[in-house]
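Dear colleague,

Please find the structure below, handed over for your use. My findings follow it.

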Amino acid sequence: MDLRDLYQEIIVDHNRSPRNFRKIDEHTHTAQGFNPLCGDKLIMYIVLSGDVISDISFEGSGCAISVASASLLTERLKGQTVEEALKTFEELHTVFTSPDEPEDLEALGKLGALAGVRAYPSRIKCASLSWHALNSALNSGGVTASTE
Ligand code: ZN
């Protein structure tokens, strides 16, 4: 199985059975994301304990890419510090917006599966929606993030 097949499999798996797909009533931070181009809608819930993301989840509906991306996000960031989470956001943002093939795709781990959307500009908004919502939740405590 080559890397491309593996990445495809990760997207399909995380869309079919999204991780951390639930509401956290006792969240400390939340933000909504909406991608009008595709109709993707989601809401992120975060529990910060000090500087650590002790719990993170999402709810919503959208295309396979947007759901898989949100699922991968929660899986990756649970237990990380805010600083680490924002660094991962920056890394992924660079991957999405750079025309070049990422130099070290494997360093992204499963998140590398999202790099494939670079070839389809309209899908970048689907993949980055949950990350923008996360960013605004952490930075402002909860406003609607839009990809527009
Ligand atoms: Zn979408």
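In this predicted model, N20 is found in the loop between α1 and β1. The phi angle of N20 is near 55°, a positive value in a residue other than glycine. N20 is buried, with a relative accessible area of 17%, which is under the 20% limit.

The loop between α1 (3–16) and β1 (29–35) also holds F21. The count of aromatic pairs comes to one. In that pair, the ring centres of F21 and F58 are 5.1 Å apart and the planes meet at 85°, so the arrangement is edge-to-face. Because F58 belongs to strand β3 (residues 52–61) while F21 is in the loop, the pair ties together parts 37 residues apart in sequence. F21 is partly exposed, at a relative accessible area of 40%, whereas F58 is buried, at 2%.

A ring is involved in another arrangement as well: the charged end of K41 sits over the ring of F34, at 5.7 Å from its centre.

In soluble globular proteins, nonpolar side chains tend to be buried together. Setting aside neighbours within four places in sequence, L134 is in contact with M44, I46, I56, L73 and L77.

Yours sincerely

How values were computed
Residues numbered from 1 in each chain as written. Predicted model: local features only at pLDDT ≥ 70, side-chain atom pairs only at ≥ 80, totals over all residues. Heavy atoms only, no water. Phe/Tyr/Trp six-rings, centres within 6.5 Å; stacked < 30°, edge-to-face > 60°. Helix = DSSP H or I, 4+ residues; strand = E, 2+ residues; numbered from the N terminus. Buried < 20%, exposed > 50% of the residue type's maximum accessible area, 1.4 Å probe, protein only. Lys NZ or Arg CZ within 6 Å of the ring centre and 35° of its normal. Contact = heavy atoms within 4.5 Å.
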